[in-house]
Amino acid sequence: MGRRVYSDSGLFVCFEGGEGTGKSTQSRLLKTWLEDAGHTVLLTFEPGDTEVGQALRQIVLDPATGDLSHRTEVLLYAADKAEHVDTVVLPALARGEVVITDRYVDSSLAYQGAGRDLVVAEVEHVQRWATGDLRPHLTVVLDLEPQTGLGRFEERDRIEGQSLEFHQRVRQGFLDLAAADPDHYLVLDARGAVEEIAEAIREQIKGLLP
Ligand code: TMP
């Protein structure tokens, strides 16, 4: 594995968690709060926030794609990440901005590694290579029992449509990652009130801002 890279400029914050845990809501709230405090913020997401990423997102999430080799799935997500890091995330960090991403490498470790039953270390090797081992300064994991999160959707994409057991392994995957590196993670119970969760995130971010 490569050397862990934490950007010297800017701040890199990642939101992770299962389906329907409120990542998008919380990332938007954090963006607004930071902008009100005078920071320049780039809010982005994986997969799909580049031109090639949009096409990759369509392939991995469209139920019409059907079954893929699990290794193919890893590589499609890895391609999205490589393009995202090189053309979106790193340039913004170099400009000294706060980059907030809705999902990143941990999603692949949890979904393709823990969820698909691949060897997590092998999935990690691929995703670390794809991202030049760039690490978030902080990853916020919004934790929720999958049944509750999935219940928030009427239609399910290719990944959401996986079994409950799959989503339970994914949830545990995120919790294991956070437990292994507590200095870089904040795990919050996603059942809490939106404003309380937002406040807990702000408290943690305050200590990291330049
Ligand atoms: P979302 O943008 O609506 O969260 O959808 C992304 C889906 O893709 C979600 O089900 C999680 C999944 N995913 C992976 O399986 N691996 C990854 O590396 C990423 C970024 C997402």
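Biologist: In which helix is Leu61 found?

Modeller: In this predicted model, Leu61 is found in helix H2, which covers residues 51-61.

Biologist: Why is Leu61 called buried?

Modeller: Buried means a relative accessible area under 20%. Leu61 has 13%, and therefore Leu61 is buried.

Biologist: Which residues does Leu61 touch, not counting residues up to four places away in sequence?

Modeller: Contact requires heavy atoms within 4.5 Å. On that basis Leu61 touches Tyr77, Asp157, Arg158 and Ile159. The C-alpha atom of Leu61 is also separated by 9.2 Å from that of Arg156, although these residues are 95 residues apart along the chain.

Biologist: How do you know that the span of helix H1 agrees with its number of residues?

Modeller: Helix H1 consists of the 14 residues 23-36, and at 1.5 Å a residue they should span 20 Å. The expected span takes 1.5 Å times one less than the number of residues. The end C-alpha atoms of H1 are 20 Å apart, so the two values agree.

Biologist: Which residues of H1 are buried?

Modeller: Lys23, Gln26, Ser27, Leu30 and Leu34 are buried in H1.

Biologist: What makes you place these residues on the same side of H1?

Modeller: They cover an arc of only 100° around the axis, and therefore they lie on the same side of H1.

Biologist: What makes helix H4 largely enclosed by the rest of the structure?

Modeller: Helix H4 runs over residues 105-115, and eleven of its eleven residues are buried, so the rest of the structure largely encloses this helix. Among the buried residues are Val105, Tyr111 and Gln112. The elements that cover the buried residues of H4 include E1, H3, helix H5 (120-130), E4, helix H7 (164-180) and strand E5 (185-189). H4 is followed by Asp117, whose phi is positive, near 70°.

Biologist: Why is Lys81 called buried?

Modeller: Lys81 lies in helix H3. The cut-off for buried is under 20%; the relative accessible area of Lys81 is 3%, so Lys81 counts as buried. Leaving aside neighbours within four places in sequence, Lys81 is in contact with Glu46, Tyr104, Val105, Ser108, Gln127, Ala130 and Thr131.

Biologist: How do you know that His84 counts as buried?

Modeller: His84 is found in helix H3, residues 70-94. The relative accessibility of His84 is 1%, so this residue counts as buried. Not counting residues up to four places away in sequence, His84 touches Thr44, Phe45, Glu46, Asp49, Thr50, Val89 and Thr101.

Biologist: Which of the residues around the ligand come nearest?

Modeller: Of the 13 residues around the ligand, Glu19, Tyr77, Lys81, Arg103 and Gln112 come nearest.

Biologist: How much of the area that the ligand exposes when taken alone does the protein bury?

Modeller: Taken alone, the ligand exposes 480 Å², and the protein buries 90% of that.

Biologist: Why is Leu208 called partly exposed?

Modeller: Leu208 has 33% relative accessibility, so Leu208 is partly exposed. Leu208 lies in the segment after H8. Leaving aside neighbours within four places in sequence, Leu208 is in contact with Leu11 and Leu138. The C-alpha atoms of Leu208 and Phe12 are separated by 9.9 Å, while these residues are 196 residues apart along the chain.

Biologist: How do you know that Gln204 counts as partly exposed?

Modeller: Gln204 lies in helix H8. The relative accessibility of Gln204 is 33%, and therefore Gln204 counts as partly exposed. Leaving aside neighbours within four places in sequence, Gln204 is in contact with Leu138 and Leu186.

Notes
Residues are numbered from 1 along each chain as its sequence is written. This is a predicted model: local features need pLDDT of at least 70, side-chain atom pairs count only at pLDDT 80 or more; totals for chains, interfaces and linings use all residues. Side-chain values use heavy atoms; hydrogens and water are left out. Helices (H or I, at least four residues) and strands (E, at least two) are DSSP runs, numbered from the N terminus. Buried means under 20% relative accessible area, exposed over 50%, partly exposed in between (1.4 Å probe, protein chains only). The arc is that of the directions from the helix axis to the C-beta atoms. A residue is near a molecule or strand if one of its heavy atoms lies within 4 Å of it. Accessible areas come from the Shrake-Rupley method with a 1.4 Å probe; for residues, only the protein chains shown count as cover.
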